[in-house]
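Dear colleague,

Here is the structure I promised to pass on. My notes on it follow below, and I would be glad if you read them alongside the model.

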Amino acid sequence: MTPEETTGEGSPEGSGGGWRRIRRLRRNVELNLLWTGSAVSTFGTRTLSVAYPLLALAEGNSPIAAGWAGFAFTVPILILYIPGGLLVDRISPRRVMLVAEFVRGLTVGTVLLTMIFGHLSLIHIMIAAAVEGAMWALYTLAESSLLPSLAHPGTMRRVLAKSEGATHVGSLLGRPVGGYLFGLGSAFPFALNTALFVVSWGLFLSVRRPSERTPAGPSQLRDLSGGFRELMRQPFLRSSILLITITNLMINTLMMVFVAGSHGLSSLSIGVVLAAGGVGGAVGAGLAFFRSPPRSVLLVHMCIWGVALFLAALGTWVGAWLPFFAAAFFITGMGGAWSNVAIREVEVNRIDPRTLARVVGVSRLSAHAAICLAAPLGGLLVTWYGVTGGASALFVVMMSAIVLISCSPKAREALVPRLPGPLSQNRRVPVPTHAPVPALCVEPPPEVSRTQEFQHEPSVRESSRESSLSSSRPCPANV
């Protein structure tokens, strides 16, 4: 087996080391608390993403009010990713998560109490939805920054896979539950979420291990752009963000094409088809947990989207919308989750921990902007070309890009570079902070934090590796 065929942990997938690492994850109490709290928090957010527009529709008696509530929920996420990344990089991510969950619980609680004891206004709903969106953006950035400090390097891919899976499961269950609870009574989803945020806050409070932070630099503007500068130095991450933005735009536009052309279909059928993406995401996270992605993961990602768009177009051609669109959403969800884990692992292993949240913020901003653009683009495609023409146009664009990249080595190298693996060999080696010991008798360097590790020059790291190797040789008696 070649090094490229090994897992991100540096051992073949079939060895007993993989199962030992799985058992280690099960015994990591803090990670289990974080995963559980993340699933609870994501579930609550997805129920609220449905409940706020429905509540605005009921109170304002107008679809415009529902649209403004959805707008208020999503726009703060788009605005806060970059400054939020700087904030998380400057203070403890655990503290950010606790504050975010507390504010979210308090906001939902005010909506619930006003519904019960007073008159709820549209302004109150808009403000509450905006606060929820803003706190969600800060929470997701803080979680991404906190995870690496709680995990052993050998288990990082599986840690990220479980985090990805918790997000997809929470999203999959949250939206239908939110709609169902609102049907029982408008106060039910808000009462449930008040309790859920209390639970998630308590779980995050139990995570005790802090993450090291560094003081702010002399220029806040330069600090704010740190995520962009770091990405420019990472060809794989730079290309992956561009690719994920394009494919996110494609699949979310396809969803809008499906919804816009779903006249005559039952709400249950529409919900089941759209939920297929969440199921695929959970499956893809499970696949990433047990198997490392291939080196050509970005090219595979593109090909998966090409197959999915072909299936959707084929479904419109043969008149079998539901199964073909469901299959398209399932495989893109599965491929997207698998790719996300690979990209997040590269971020953790290649990015300075002091700028990790800002890099994640840039990535999330790009993906979220694509989602926001997809809704009007999907509506325009259906208006101009109909459902069949819209799905076919997306397929033609994606296949043209795949053919262009496949036929041009330069384009392939620039747009879909290979995964820099095995990642365990790329992980920076901790270096000692004391003066070097005479040659041929060097003590192994003590463990230091990943933040300290980035404060040394590359030449010092190289000499540390050479000294570590020489320490295994017999030391002369006169040394």
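Arg104 lies over the face of Tyr139, at 5.8 Å from the ring centre, where a charge counts as over a ring if NZ of Lys or CZ of Arg is within 6 Å of the ring centre and within 35 degrees of the ring normal. Arg158 sits likewise over the face of Phe289, at 5.7 Å from the ring centre.

Please bear in mind that this is a predicted model, in which local features need pLDDT of at least 70 and side-chain atom pairs count only at pLDDT 80 or more, while totals for chains, interfaces and linings use all residues. Residues are numbered from 1 along each chain as its sequence is written, and side-chain values use heavy atoms, leaving out hydrogens and water.

The whole structure holds 14 aromatic pairs, meaning rings of Phe, Tyr and Trp (its six-membered ring) with centres within 6.5 Å, called stacked when the planes are under 30 degrees apart, edge-to-face when over 60 and tilted for the rest. In one of them, Trp68 and Phe71 have ring centres 5.4 Å apart and planes at 85°, so this pair is edge-to-face. Trp68 is exposed, with a relative accessible area of 52%, whereas Phe71 is partly exposed at 45% (buried is under 20%, exposed over 50%, partly exposed in between, with a 1.4 Å probe and protein chains only). Phe258 and Phe325 form a tilted pair, 5.2 Å centre to centre with 35° between the planes, and both residues are buried. Ring pairs also link Phe258, Trp321, Phe325 and Phe329 into a cluster.

Best wishes
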